Amino acid sequence: MPSPLPSKIYKETVKVAEQEQLEDFYLLIEKRFSAEQVRAIKEAYQLANESHQGQYRKSGDPYITHPVAVATLTVELNLDHLSVMAALLHDVIEDTAVTREDISSQFGEEVAHLVDGLSKLTHLHFRSKAEAQAANFQKMVLAMADDIRVVLIKLSDRLHNMRTLDAMSPDKRRRIGKETLDIYAPIASRLGITRIKNELEDLGFKALYPARWRVLGAAVKDARNKRRALVEKVESLIASQLKAEHIYTRVSGREKHLYSLYLKMRSKQLSFQEVYDMFAVRIITDTGDNCYRTLGVLHSLYKPIPGHFEDHIAIPKANGYQSLHTVVSIPPGIPAEIQIRTEEMNHFAESGIASRWVHKVNEGGDFTHARTRKWLESLLDMQETSDSSVDFFENVKVDLFPDEIYVFTPKGDILQLPANATSVDFAYAIHSQIGNTCVAAKINRQLAPLNTTLVSGQTVEIITSETGRPSPLWLNFIVTAKARAEIRHYLKNKGTEEAAEFGKRLLNRELSQYNQSMQSLNPERYENVLEEFQYSDIDNMLIDIGLGNRLPKLIAQRLLQKPDQDVTTQEAQVATNPLVIEGSEGKVMSFPRCCMPIPGDKIQGFLSAGKGIVIHRSGCKNAGRLRRRPQQWIPVEWSNEYSGEFQTNIAVELYNKTGVLARVASCISDMGCNIENIAFQGSPGTHSNTNVFTLSVRSRKQLATLIRRLRHIPVVIRVRREL
C-alpha cells in the first residue's frame, strides 16, 4: 500500500530501504562467490537498474527492488552466479527495451537462455487469459526441462510476488493466490523444496481465503501457548533418553503450517481440536542406521499408534524426500507425530533439488536428480501428445498429485503412482506401448478389472495383446496425466486414420461410377482440386470426406472434369452400388439412438458434417425429416462378414413376481448378449411392469432368437423391439 507519509519523506524512506537492500545483497554474494563472479553479478544489476528506471511496483517501491529480492532468494537456494544474474535480469526482456541478443552479447548465451525461459510471450496474441497463461506456462516448463534453474528462479520470483501481494486488488490477489496453490506450490513440492512450498501455500491461502486464514492463525497461536510446556517436556525426555543410548541427535519442535492444517481439516472433516499432528517433534541424527535405532528407542518410550508409521527412507517420496514418520501416544493420551531423519535428509527436505544442484540436471547421477529427470521427461512426453498449450497446462495440473502409493512390478521394482491410480495408470507408467495394448491385469496374482484402484504394497502384472487398443471409457477412471494424454492422443490419431481410410472408400465408390479410381487419375488432377479447396495434401482431403465435411460426389466430379469445364455440364452418373458396412469403421460411422440399426435391418446412410455417415433404419421418422437434402444420402448395405456389436432396445413386459428380472437377465446372458442399461416402466400395485433393456447384439438374427426364447419364459407377458 502507498505510504501515508508526505511524498518527499516517503521517497527518502524508500530510497534508504532500497540502498539497505542492495548492501545486504552485496554482502551476501561477496561471502558466497569469487571476486570475478561478484563483478559479473554487479554488472547485471547495473543493467537491470538502468533498464527499470522510472518503473514502480504497485506498492510504490522502485521496480528494481523486486529483481534484487528474487536474486537474494536464489543465493539462499545455493544456485550459481549465472542464476543470480538471470534473476536480476528476469524481467528486462518482457518490460524494457533490452533484448535477448543484448543479454547474450554482454553476459553470455547461458544467462540469455535462462532469462528467455523466464520471459512471458508478450509478442503473441491470445484469444483469452487462460490461453495466454497456458502458453506461458508451457514455455516455462519446456525451458525448465532443458535447465532446472529456470523453475528455481521462477519459484523465487513467485515467492517474492506473493510476499508483496497486499498492494494488489482483492480480485487479483485471489486469482494469483489460486494460481499459486494450483501450480507453483505443487511444483515446489514435486522438487522437494519444502521451505518454499510451505510459504507459497500459506501466502496463497491468505490471498484466496483471508478470513479463514485469520481465524485458523489465531487458533494455532492460542493452542501453541497452551501446549508449549508439554512439547518442551517431550523434547527434553526424548533427547535425554537418546543421549543415554549414545545416539547423536538434535531434537526440535515443528508446527504444521496453516494451509496444510486447513487441508487436513477439510479433507477429513475434522475440527481444529481433532488434528493430532498440529505440533510435532523432529529428531535429526547422523546416520541412516541411527534413524532406525532412534525409532526403536522412541517406541519403547511411547506407545506407537497402529497404522500411522511411514518409512520414507527405504521408499523415498517422488521428490526424493526421506524420513521416518510415526505417531505415538504421549501421556495423558495425546497423539503426536515424530519425524526422524539425518542432517543430509533434513537439508534436502528443506531445499529439495536445489540442495544438490549441479550445472545441468541431466548431468547429475544421484537418486534425487534421477527422479527429477524422470519427471521432466514425462512433462516432455505430455507436451508431445497434448493438442494445445491449454490441454498441456491441464495435464500438468493433474500430474501434480500431493499423495502417492507404491506398488511393485512382478520383478520386484517399486513404482510410485498418485493416490487412486488404476492398473491402466500403472501400465502407462511402465511404457506407452504397454498402456496402449493392455487388456487385463493381475493384482497379487489374481485377475482384476483394469479400473481397479491400486493400494500400496500390491504387485501388479499387466497382460497385453497385439490387438489391444485404448478405450475411451478408460478416461473415466484413470488419474495420471501421462495416461490421459496418451489415450487422447491415440484416440485422436486413430480417428484421423479411420476418417482418411473411410474417405478413400467413399471417393473410390463415386469414381467407380465413371470407371475410374484414385490410382488411375493423373496427379495433376489432384493438384487442381487441392488448390481449389485449399487442402495441404490428399490425406487432409480424404479426412474431410470421411468426416462428412465434403461430399465425395463433388470431389469426384472436380477430379474428373476437364480444365475450365463447369461441372454442371458433365453427365454424372448416379451412384447405384451401395457402400458396404463392415462394422470396423470406428468414429466415422455412427448409429443414432432414434432407430438403433443392427446388421440385418434395411438401412440408409446420411453424410453429416463432422460425424461421417450416420446410419438410419429405413422408415426412421428422424431420417424422413432429412429428405430435403438428397445430395447427402448414399445407399448402404451390411457386409456379409461384418464385425463388432451394436446396441438396440427391447421392451419386456413381466409379471410382478420375485426373481423375474434375474430369469430374464440370465436368458439374455446365455444368448451372448450384454445388458448395457435397464429402464423400468410401471406403477406400484399393478400386476405387471415393462422393462426396457438396452442390449449389445451382433445381428438381427441373434436378436430374433433371443426374443423367441424370452417369450417362452412363463413370467414374460410380451416382448417387442423398441425404437
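The model is predicted, so to speak, on its own terms: local features need pLDDT of at least 70, side-chain atom pairs count only at pLDDT 80 or more, and totals for chains, interfaces and linings use all residues. Residues are numbered from 1 along each chain as its sequence is written, and side-chain values use heavy atoms, with hydrogens and water left out.

Two strands count as paired if DSSP finds at least two bridges between them. S16 runs antiparallel to S14 (residues 603-608), and two bridges join them. To find that spot, look for Phe606, whose bridge partner in S16 is Trp633.

Now for the antiparallel sheet. This one is also open and has four strands, in the order S19-S20-S18-S21. Its edge strands are S19 (674-681) and S21 (716-722), each with pairing on one side only. On average, neighbouring strands here are turned by 20 degrees against each other, direction ignored; the axes are lines fitted to C-alpha atoms, for helices over the stretch in contact, and angles run from 0 to 180 degrees between N-to-C directions. S18 (residues 646-655) and S21 run antiparallel and are joined by six bridges, with Glu653 opposite Arg718 in S21.

Helix H25 (residues 660-670; helices are DSSP runs of H or I, at least four residues) packs on this sheet. H25 touches S18, S19, S20 (688-697) and S21, where contact means heavy atoms within 4.5 Å. The direction of H25 makes about 20 degrees with that of S20.
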